Amino acid sequence: KIPAGIGGAEWQGQTKFHFPVAVSASKVYDFGMKVTPDDDCNSNITVKLAWEGNDNDHAFFYVNDFSAPSDQTTAFVKEGVSPDVDYDAVVLFVDLGRVAAGTTVVISDFCLQEHK
């Protein structure tokens, strides 16, 4: 649930998910997750997959305008992405700082797999 006073601006409501998954710069991947809010999140969600321990350099991908309609499950999918360096582990940043206070957002079903 988004608390009052977390900002109203990007990067004011970060949630981090740590995954002990190694990835290789020589491979291509697909990433997905599901997002279910109880209020509209119109172009207000930022999603970044990065190198654990170095979230500023070598981002796997960065999207700052993901939308999720109220009371629906919306899939966030990035296909055919590759890091520019090998990672020992990854961290997923989901920033909800621009989502209205009081909104409940369920994030589930994470998947990172080699692209087929």
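Modeller: The account below treats the charged pairs and then the aromatic rings.

This is a predicted model, in which local features need pLDDT of at least 70 and side-chain atom pairs count only at pLDDT 80 or more, while totals for chains, interfaces and linings use all residues. Residues are numbered from 1 along each chain as its sequence is written, and side-chain values use heavy atoms, with hydrogens and water left out.

Side chains of opposite charge can pair when their charged atoms come close. The structure holds two salt bridges, a salt bridge being a side-chain nitrogen of Lys or Arg within 4 Å of a carboxyl oxygen of Asp or Glu. In one of them, K27 meets E114 with an N to O distance of 3.4 Å. This pair links distant parts of the chain, for K27 is in the loop between β1 (14-19) and β2 (29-37), and E114, 87 residues apart from it, is in strand β7 (residues 105-114). Strands (E, at least two residues) and helices (H or I, at least four) are DSSP runs, numbered from the N terminus. K27 is partly exposed at 35% relative accessibility, and E114 is partly exposed at 43%. Here buried means under 20% relative accessible area, exposed over 50%, and partly exposed in between, with a 1.4 Å probe and protein chains only.

The salt bridge of K34 with D109 has its closest N and O atoms 3.5 Å apart. It too links distant parts of the chain, K34 in strand β2 and D109 in strand β7, 75 residues apart. K34 has a relative accessible area of 35% and is partly exposed; D109, at 49%, is partly exposed as well.

The aromatic rings come next. Rings of Phe, Tyr and Trp (its six-membered ring) pair if their centres lie within 6.5 Å; planes under 30 degrees apart count as stacked, over 60 as edge-to-face and the rest as tilted. The count comes to 12 aromatic pairs. Among them, W51 and Y87 are stacked, at 6.2 Å centre to centre with 15° between the planes. Because W51 lies in strand β3 (residues 41-51) and Y87 in the loop between β5 (74-81) and β6 (90-95), this pair ties together parts 36 residues apart in sequence. W51 is partly exposed at 27%, whereas Y87 is buried at 1%. Y87 also pairs edge-to-face with F60, at 5.8 Å centre to centre and 80° between the planes. Both F60 and Y87 are buried. One aromatic cluster includes W51, F60 and Y87.
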